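Please go through the predicted model below. The notes that follow take its metal sites and then its sheet and helix.

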Amino acid sequence: MKKNEKIISLAMAAMLAMNSNQAISEETSDSSFDEAQSATATNTGAINSALDRQKLVDALKSMKNKPEEINFHSAMCYKMAMPPAVYEYTCPDCGQISTHKYQSIAGRLSRQIASVRRSLPNLPVKISVNETALCQKCSKTGQPELAFTTNCGNCAATFTWKITSDKELAKLDWLFLDYPVKSISSGPGRGKTIDPDKVREMVEFVSGCFFCPECIEKLQLNYKD
Ligand SMILES: [Zn+2]
Ligand SMILES: [Zn+2]
């Protein structure tokens, strides 16, 4: 009898938890709730990331449908007067120091990896990075790259993608924007204020990092043409 009571109360607790989840997901558009939610972010990790994923999907969808609502602004360009010739990368696996030319793709990837590593756990979708290609000792191919594995934010299927060029590395910053975004830095120089092609590029890249191809279609984040 006691055992049954325990099972019933566990079931009740589970139902209550489910109900409160539902209540929360219905309130995502309420901005005062958003504030409350971020205040308790540390206690409600799972609910929080489900909310963040929904926010992300909504943001991407709105970017896809109304690209003209996104503004680009040019950022100040701080050029380092005399960049060092090499960047020393320390492999977190074997501890070996690899020397990369500062302005090479290996150098750029090495300079970015610490902040990428630090930022990935804050994303609403689980993404991990393999950086062994940056270590001259651990690398199997000698080809500098960052290899990512994503657990699709919608169906949890895993898929992989890579960053191997400067162009892709620049796009990586888009992952870490706080969606929904209305104004985006277009980097140094004069950028267009409104740039639908750029927004499309963003939606395609960010969706492709967070969701598997099937889910991109299901979530209507795909472009028809
Ligand atoms: Zn290594
Ligand atoms: Zn999926």
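The four donor atoms around the zinc ion (ligand 1) subtend angles of 105 to 116°, so the arrangement is tetrahedral. Tetrahedral here means four donors with all angles between 85 and 135 degrees. For comparison, the ideal angle for four tetrahedral donors is 109.5 degrees. This is a predicted model; local features need pLDDT of at least 70, side-chain atom pairs count only at pLDDT 80 or more, and totals for chains, interfaces and linings use all residues. Residues are numbered from 1 along each chain as its sequence is written, chains are lettered from A and ligands numbered from 1 in the order written, and side-chain values use heavy atoms, leaving out hydrogens and water.

**Zinc ion (ligand 1)**
- Its protein donors are Cys91 (SG), Cys94 (SG), Cys135 (SG) and Cys138 (SG), 2.2 to 2.3 Å away. Donors are N, O and S atoms within 2.8 Å of the metal (3.2 Å for Na, K and Ca); water is not among the atoms, so sites may look incomplete.
- Along the chain, the donors of this zinc ion (ligand 1) are spaced C-x2-C-x40-C-x2-C.
- Cys91, in the loop between β2 (86-90) and β3 (97-101), and Cys138, in the loop between β4 (127-130) and β5 (146-151), link distant parts of the chain, 47 residues apart. Helices (H or I, at least four residues) and strands (E, at least two) are DSSP runs, numbered from the N terminus.
- Cys91 is buried, at 3% relative accessible area, while Cys138 is partly exposed, at 27%. Buried means under 20%, exposed over 50%, partly exposed in between (1.4 Å probe, protein chains only).

**Zinc ion (ligand 2)**
- Cys152 (SG), Cys155 (SG), Cys212 (SG) and Cys215 (SG) coordinate the zinc ion (ligand 2) at 2.3 Å.
- The angles of 102 to 117° make this arrangement tetrahedral.
- Cys155 sits in the loop between β5 and β6 (158-163) and Cys212 in the loop between α6 and α7 (213-218), so the pair ties together parts 57 residues apart in sequence.
- Cys155 is partly exposed at 40% relative accessibility; Cys212 is buried at 6%.

**Sheet and helix**
- Three strands form an open antiparallel sheet, in the order β4-β5-β6. Strands pair if DSSP finds at least two bridges between them.
- β4 and β6 are the edges, each with a single partner strand, so one side of each has no neighbour in the sheet.
- β4 and β5 pair over four bridges.
- Helix α6 (residues 196-210) has 15 residues. Its buried residues include Val199, Met202, Val203 and Phe210.

Note on methods: The expected span of a helix is 1.5 Å times one less than its number of residues. Four donors count as tetrahedral if all angles lie between 85 and 135 degrees; four count as square planar and six as octahedral if opposite donors are over 155 degrees apart and all others between 65 and 115; anything else is irregular.
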